[in-house]
Amino acid sequence: MHERLSSTLNLAALACLTLLVLSASGCRDHLVQTTVINQSTTTVRNIEVDYPSASFGISSLPPGGQFAYHFKIEGTGDLQLIYVDSAEHSHTVKGPYIAEGQEGTLQIRIGNDKQNVWQMQLKPEVTAPKE
């Protein structure tokens with residue numbers, strides 16, 4: 001009986017070790033850590049960031065406000081920013097091209113008078129196909 005219990009414990013320990021090794025090796029998502037920053041002098045509303053296969057939204061950001069979000073790129077295409085300014089004007093801004101498998105950081109800075117800036121540090125680098 002002692003032998004059977006010892007054998008069962010050894011198998012359980014081996015199973016746990018296998019799971020630990022598998023979880024530590026290469027089984028991670030390629031995420032884009034994103035920050036949307038309002039650098040304008042007024043609150044912006046109804047902010048939407050579209051990326052291949054999905055999007056996320058922010059109801060409003062005051063001047064100087066920031067919003068952090070992370071996502072996984074599934075597919076390829078251009079980023080897009082949509083928002084409404086304090087004068088109730090809707091803005092749609094085409095962003096850079098991204099592709100599945102990329103990871104890193106993305107900053108989207110909303111400024112006055114359409115002074116919007118996209119700062120990306122994504123790996124691996126990709127180039128948009130020629131139209």
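User: How many helices and strands does the protein chain have, and in what pattern?
Analyst: Keep in mind that this is a predicted model. The chain carries one helix and eight strands. Reading along the sequence, you get α-β-β-β-β-β-β-β-β.

User: Which strands make up the open sheet, and which are at its edges?
Analyst: Four strands build this open sheet, in the order β3-β2-β5-β6, with antiparallel pairing. From one strand to the next, the twist averages 15°. Two of the strands pair on one side only, and those edge strands are β3 and β6.

User: In β5, what is the bridge partner of Arg45?
Analyst: β2 (44–51) and β5 (76–84) are the elements to look at here. They pair in the antiparallel sense over four bridges. For Arg45, the bridge partner in β5 is Val84.

User: Which element gives the most to the largest nonpolar core?
Analyst: That core has 21 residues, and Val36, Ile47, Phe71 and Leu81 touch the most other members. Elements giving two or more residues include β1 (31–38), β5 (76–84) and β8 (117–123). With four residues, the top contributor is β2.

User: Leaving aside neighbours within four places in sequence, which residues is Ile47 in contact with?
Analyst: Ile47 is one of the core residues that touch the most other members. Setting those sequence neighbours aside, its contacts are Phe56, Gly57, Ile58, Ser60, Leu61, Leu81, Ile82, Tyr83 and Ile110.

User: What percentage of the 131 residues counts as buried?
Analyst: Buried here means under 20% relative accessible area. The protein chain exposes about 8,700 Å², with carbon and sulfur atoms supplying 54% of that. Of the 131 residues, the buried share is 31%.

Notes:
Residues are numbered from 1 along each chain as its sequence is written. This is a predicted model: local features need pLDDT of at least 70, side-chain atom pairs count only at pLDDT 80 or more; totals for chains, interfaces and linings use all residues. Side-chain values use heavy atoms; hydrogens and water are left out. A nonpolar core is a set of buried Ala, Val, Leu, Ile, Met, Phe, Trp, Tyr and Cys residues joined through side-chain atoms within 4.5 Å. Buried means under 20% relative accessible area, exposed over 50%, partly exposed in between (1.4 Å probe, protein chains only). Contact means heavy atoms within 4.5 Å. Two strands pair if DSSP finds at least two bridges between them. Axes are lines fitted to C-alpha atoms, for helices over the stretch in contact, and angles run from 0 to 180 degrees between N-to-C directions. Accessible areas come from the Shrake-Rupley method with a 1.4 Å probe; for residues, only the protein chains shown count as cover.
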